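This report goes through one structure by topic. Please have the sequence and the model open while reading.

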Amino acid sequence: MNPATLVRRLVVAMIFAVVVYGVFVVLRGLDAIGGALATYDWSTFALALGLTFANYVLRFGKWEFYLARLGVRGVPKVDSFLTFLSGFVLTVTPGKVGEVFKSLVLYETHGTPMARTAPIVVAERLTDVIGVVVLVIVGSLAFPGGLVWAVAGGVAVLAGLALISSQRTMDAVVARLERSPGALGRVAPRVREAWGSLRTLTSPGALALPTLLSVASWSLEALALWAILRGLGAQAPGALALFVYATSTLAGALIPVPGGLGVTEGLLEQQLARLGGVPIAASTSAMILVRFATLWFAVLLGFSALGLLRLKFPGLLRPPAAEGEGAAAPGAGGPGGGG
């Protein structure tokens, strides 16, 4: 996947987002939204960005934990951090599956096989869902209806863990692939390797620390929502921000739409208004601001990190036409390159 393709996908996602946000603004009244933003304390937006970045630092700790768990060594911490952030380039893909992009980056810069590290994305999503479900449960102590989302997320997590840990299921899937003709048969060994890595990452001993980091990191983003609400003059309790942000994030993760666009926004706005009594103009404004401070800030960081990596590894994500030129050269984007 070359940078031009990434930019095209981002442009499509941004156009969709502009339409989504535009509909919210038109429905709630442009004057009302403008009035809410006119008195907004923008220092709280800066605080929200700081809290969001702290979230990414904690989640980078999970990435490092998983790499160590899989025995991946020799990747400098700066390169690893930039690789982790580069995954946010495709964060507006359904279920954030585009974050497997960082496995491609790690392969092209340091030669680590993708089949070995791609399962990290699934493990990250599982622990994120567990962490968010914990936050929903905590927040639901003050608000009715939260346990419905908690149960839905918990069932999804348990079903996923049961599927991953089943040796019989893995053997059946791989055997079916091995009997398939063409490309499916050839990928069977890679599927077995990836599944084995995933089972390593989702064993009980490997779940505890990443889940704690997920709870802490997503709490920071909920705190970012609370800060933005304060900047809008809404005296919303912290429990409200925790519950609303967690349930909205969970819904956006479970429903396969790019970046949860439309789903997360709608739940954020409606729950702030209906559960917290936040004026609708402030609710809509807070929703838009927190999405810029989280989702779109992540995309910006992803492209910035990718740009820095391409400065160090000029051949990273080179166009297919250049594949035959210098493919084995260190730092040219192929396995074993630089670092």
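In which helix is the place of Thr 294? Thr 294 lies in helix α14, which covers residues 280–312. The model is a predicted one. Thr 294 has 4% relative accessibility and therefore counts as buried, the cut-off being under 20%. Apart from neighbours within four places in sequence, its contacts are Thr 52, Tyr 56, Glu 221 and Tyr 245.

## Nonpolar cores

The largest nonpolar core contains 52 residues. Within it, Tyr 21, Leu 225, Ile 228, Leu 229, Leu 272 and Trp 296 have the most contacts. At least two residues of this core come from each of α1, α2 (30–38), α3 (43–69), α7 (119–140), α11 (204–231), α12 (238–254), α13 (263–274) and α14. Helix α14 gives the largest share, eleven residues.

Leu 229 touches Ala 234, Ala 236, Leu 272, Val 278 and Ala 286, if residues up to four places away in sequence are not counted. A second, separate core has 31 residues, including Phe 65, Ala 123, Ala 206 and Leu 316.

Helix α5 (residues 101–110) is mostly covered, with nine of its ten residues buried. Among them are Lys 102, Glu 108 and His 110. Gly 111 follows α5 and has a positive phi, near 75 degrees.

Lys 102 forms a salt bridge with Glu 124 (3.1 Å, N to O). Because Glu 124 is in α7 and Lys 102 in α5, the pair ties together parts 22 residues apart in sequence. Both ends count as buried: Glu 124 has 3% relative accessibility, and Lys 102 has 0%.

## Other salt bridges

Seven salt bridges are found in the whole structure. In one of them, Arg 125 meets Asp 128 at 2.4 Å, N to O. These two residues are three apart in helix α7, about one turn of the helix, and both are buried. Lys 62 joins Arg 125 and Asp 128 in a network of salt bridges.

Arg 291 and Glu 265 also meet in a salt bridge (2.8 Å, N to O). This pair links distant parts of the chain, with Arg 291 in α14 and Glu 265 in α13, 26 residues apart. Arg 291 counts as buried at 8% relative accessibility, as does Glu 265 at 0%.

## A nonpolar surface patch

Val 11, Ile 15, Val 19, Val 23 and Leu 27 form a nonpolar patch on the surface, with about 460 Å² of accessible area together. Leu 27 is in helix α1 (residues 3–28). Its relative accessibility is 61%, so Leu 27 counts as exposed.

Notes. Residues numbered from 1 in each chain as written. Predicted model: local features only at pLDDT ≥ 70, side-chain atom pairs only at ≥ 80, totals over all residues. Heavy atoms only, no water. Patch = residues over 30% accessible without salt bridge, like charges linked within 9 Å, V, L, I, M, F, W, Y side chains within 5 Å. Areas by Shrake-Rupley, 256 points an atom, 1.4 Å probe, with all protein chains shown as cover. Salt bridge = Lys/Arg side-chain N within 4 Å of Asp/Glu carboxyl O. Helix = DSSP H or I, 4+ residues; strand = E, 2+ residues; numbered from the N terminus. Buried < 20%, exposed > 50% of the residue type's maximum accessible area, 1.4 Å probe, protein only. Contact = heavy atoms within 4.5 Å. Core = buried A, V, L, I, M, F, W, Y, C linked by side-chain atoms within 4.5 Å.
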